[in-house]
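The following paragraphs lead the reader through the contacts between the chains of this model.

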Amino acid sequence: MEVRGSTVSPAETMAGNALLDEVRAQLAQIPLLGWLCGTLLATAVEQTVGESLAKALSLPAIPGLFGLRIILSPLFEILLAVIQYRRDIPGLVASLKTIAPDLALIPGAVAFILLVYILPTLIVARLSAPLTNRLAKWLLDRFPLWVSLLLHLGLFYATLHLWGDISEYRMLILRFILISIILTLSLNLVNGYMGEFSCSHPGFMAMGAYASSVLTVLFFVNDDVFGAPLLPPAIGPFMFPLALIIGGLVASVGALAVAIPSFRTRGDYLAIISLAFMFIVKSVIENLEIIGGPRGFMNQPKWANLPIVFAWTAICVWMIYNFTRSTIGKASCAVRDDETAAGAMTINTRRTKMVTFLFAAFWAGVAGGLFAHVMGYINPGTFGVLKLSEVLAMVYLGGLNSVVGSIAGALGLQLLMEVLRPLELWKWIVIPILLIVLMIRRPTGLIAFTEVKIEDLLRPRQTLRSSAQVPGEGR
Amino acid sequence: MPLLQVKNMTHFFGGLRAVHNYNLAIEPGQVRGLIGPNGAGKTTIFNLITGIYRPTEGEIILDGKNLVGFQPYEIAAMGIGRTFQNLRLWRHLTVLEHVKLARYSKIRYGLIGALFGTAERYREEAEIEERAYRLLEMMGIHHVANQVVINLPYGTQRKVEMARALASEPKLLLLDEPTAGMNPEELTEMVQVIRQIRDELGLAIFLIEHRMKVVMDLCETIQTLDFGEVIAEGTPEEIRSNPRVIDAYLGKEGVA
Amino acid sequence: MGRRLKIVIFSLVGVTLVVAFIFLASGMSPASFFQHLLNALQWGSFYALIALGYSMVYGVLMLFNFAHGDIFMVGAYIGWGIATGLVALGMRGILPLPNWLILVLTILLAMFFTSFVGMLVERVGYRPLREAPRASAAITGLMIGIILETGNLALLGAQRRNFPSLIKTQTYHLGPVTVTNVKIMIVFLSLLLMFGLHQFVRRTKWGMAMRAMAYDFVVVPLMGVPMNTIAALTFGLGSALAAAAGIFFGIAYPVLEPYMGILVGWKAFVAAILGGRGSILGAALAGFLLGFIEIFVAAIFPSTLRDVIAYSIILLILTFRPHGFFGEPYSARLRL
Amino acid sequence: MLLSVENLKVSYGGIRALHGISFQVDEGEIVCIIGANGAGKSTTLRAISRLIPAEPGSKMTYMGKDLFDYPADKVVSELGISHVPEGRRLFGNLTVMENLKLATFARKDGKEIERDLELVFSLFPRLAERQTQKAGTLSGGEQQMLAVGRALMSGRKMMLLDEPSMGLAPVLMMSLFDALRDINKEGTTILLVEQNARMALQFAQRGYVLETGSIVLEGTSEELADNPEVKKAYLGG
């Protein structure tokens, strides 16, 4: 019927499908716990043999980001060269020659990914599946949900830590990604769950960043401007969470200034007022000489190491997940979809909007505080239109009204920006084009309006009975 | 004392008089109807009672308390539930979530519970959910509880709206054309449901309806509205034979 | 009409009072005061011209065209390209033209070409998303803006460009106040363009269609009006005005750089909103108001406070007049 | 046959509003579609005007041309099908004259436009008096007149009318229908959608009864008016 003209015979496609189905069926039996064990082992493999393996594969070092950059950037370079030397064939050949050595690295990188990441993960995850399934079931049956959750988080953290341990660069990227997740999630609360369009997130971030920085520097650092520390620096790291929370609260207070005028009437006021607010914050900071003005503010203790950032991100995801699943949080979705109906159903629409907005601002502030203490330096220029575009892009790339979507969006865009770094300027043409195409195809983002329940995530994937009949175990 | 009493309510939109000198008294357990041609101001009266508009003049008294000046959500929490003429459902939410959200004002776990997922919250959410299921069962739509509303057929959506209005535990239910756009089977079912609600829950019901048969079947007394004024009030038989009603509502005879 | 007139009169009286107050309170000499006033007019005319583009798109299509600031930048560069090209041709003796003609040609051609850039933006970034949530269209706008900036950097490099000086600056002394012919020309031409746009929207059937679309999007096709054409026209007109603003900017401050759109554009956007949804008069007035605020703030306070005070005043006005000067209340939730 | 609709199906967000309806309108006729609120009457007219998309399999031909080949504005400007939408939908910020002029946007026959304008003003003298007034400030009856007049200006071959009687006092309603009859005599075919069944059946020659997205009855107005079911459901009999 339909196969006429296609070169693949029906039998072949069916065989291909069967194989794919088989693989899918095999993978479907692995619980999250199994995957985490697999990735943990893979990172351990990288730790131990990564260096020598990279040398053996004639790579200059362990690939920073799964070798993505090694693989993608020569391809883009070729593309650019072709565009640049359209008519100049000798020029093209010459530039291709300079790209050639980079090109030669690709097989090595592919092999590295395969040997270090994919194979160990798959093998361990599949092999341990009977065990991990049983464990997952036991954990869920015997203990409250959070025990299992903590174990998963612990394993996940261990993986991240081992992976990040390879280089300073990876550590930095990891923390940036985690902070972006906080930011994206909190903006999604406003733009997705509440259906308003807020532009002030960079402003809230700046308020949080500066407020917490001032606190930590004032109390725990010997600084030119603020003088000797008021408290012994040794207790600093313990007070750091407090500083972050205060930073978040300061951002919430700022949000109040945006919310009061803009939630009085419907329409696009939040978009405009929040935009003006963002510029005001930036400009006020530029005028405050005491915190460095336009030159920026430095000397923050670099307390936001990976465990700290990870813990805050986990708390943020957990709280926002909780909030959006509760009936009180869902009220903001009702206000978004039909405010009149929400009012008629006893929902205090104004309070709902306020709470959601202030809560979102709080997390933006915390993200700012973490950012400041990762960098050890901030300046007002960071919190401008470009940051706004970046966060908005993450939210809309990942998908509105979805916690998973936001995580995916933040991770995706950060990785994309890192991977495309060799393109330099052209990165900022490629990424926007990708986003425009995405917006046209899926206007609400990749994973919009989809929620994954934690219970579903952690549950075992096969019953013990069916695990007995899985063929090919231990192969 | 009547459950709801509206006294001399008048409302202007700009310079336009939408409702003039409107009076109403509903006793507990009563079913009353409001009919009239399109644009006569029926929905405006609903919006005035539920606080979406604030009347220019007049009083609206529920259980001895004047509602004028309260926000819609406060009035809803005091015990007036309603449905809308053009379904106003929350398009991205599931049926169950609709019914649960209508109990918003009765939730006690507060923000702390919402953010930290306290045990109290889970207990309360489970309780709300159970109630919601019972209500959905009563309306015969529990099998779609976890579906997003926009994918449901029209008749079911109407029922979801009704269930949502009931979930807020109203003393008085305002139904704005509950059978609009329904086919005959859905219609009979809906009439059945409305009867059931009245009998089992003992609510007072005030409904706007276009289909004469439905109003006549359900209501004890009927008001007829034309250009914002009540032109007739009485039992179905009286209304049916009132010449002014026939003129206004059914169109004048012998136009051509 | 009466209401409008009243508001205009009121705001004019208000502005006069405020200006008089500033004059008295700041203790400026009358000469320097008038000097600032002229600067404010010039600076305000950039904002006003750009704000018109934002306002038209927002009014007619209910969209934030976040790429408009960058269209202003593109317009300035197109103008720069045409002017430099024509000057170079003149130098080589191929096409010797008098400077004033070069200027006129530059303005007209740049407006013409830039309007196509605007239409292209509409076609690529906005039309495919007409049924989508408006926020998504705002994102594509932002992204197109980034592409335009980066594209400019990639094509022309980071170095700043100087706009060729086509008019010999002549300074007139009116008592203690000095006036340059350039400033007068810019303000005059800006006002002329705004008046032209106003007439276009008031008098032509195209303008009528634009106003109708602003009022009720859905039934416009029932009048036999092709909606896409009107949308493209709206973008084109706005972009043409932005190009004019770009050229005037280039003449007044002869330096162009790829990020100039961000600097001026976002403020003009806020001014457009301040003017009221889709109101041409409002956008122009708000643009000039912003110019006044900025110039006088910079004259009285340290100039770094310019943005804080300007935006704070705008925020205050929007708090008390949420629909802007001439906007009507409307309800436009973002569709999801 | 002027307009023929076959198996027209329309859905909104997953819910089917029209379940494949078919009907015809001949040149010079007045045809009405009656039905309760939400039966799909307005949807039918909007689909003919191409304001909303129809599902695949639907067929609509007008003078032998496939309606699906024409976008909404061309349906008006090239085929001459005008549409008076539900709730009038005038451009309240434009004057009466501007509303009428805008409807001639795509027309190039200047003299004809003048004549049509005269026709509109002779049908509705009130509009002539209020030429320079903003449409938003008109009374309900005047607005309905302007809506009909505007439709006349945009295309004269066929007119789709969506609930013209809505919110009108009986006297106004009658004068409006008198004017519509005159318009029909001038050669405009009329397809009318009404909730006021009695009015519609007196005015039209033929009618269809629409119930929840399907046509359940059709016939001449007399037949329908005598039909006991119609009487019961729509005429209060």
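The model is predicted: local features need pLDDT of at least 70 and side-chain atom pairs count only at pLDDT 80 or more, whereas totals for chains, interfaces and linings use all residues. Residues are numbered from 1 along each chain as its sequence is written, chains are lettered from A and ligands numbered from 1 in the order in which they are written, and side-chain values use heavy atoms, with hydrogens and water left out.

This contact (heavy atoms within 4.5 Å) takes 44 residues from chain A and 45 residues from chain C. Together, chain A and chain C bury about 4100 Å² (accessible area, 1.4 Å probe, lost on being put together and summed over both), with 77% of it on carbon and sulfur atoms. D268(A), Y269(A) and I272(A) supply 14% of the area that chain A buries against chain C.

Chain B and chain A, in turn, bury about 2800 Å² between them, 68% of it on carbon and sulfur atoms. Here 35 residues come from chain B and 29 residues from chain A. Two salt bridges are found across this interface, and one of them joins the side chains of D338(A) and R88(B) at 2.8 Å, N to O.

How values were computed
Buried area = accessible area lost by both parts, 1.4 Å probe. Salt bridge = Lys/Arg side-chain N within 4 Å of Asp/Glu carboxyl O.
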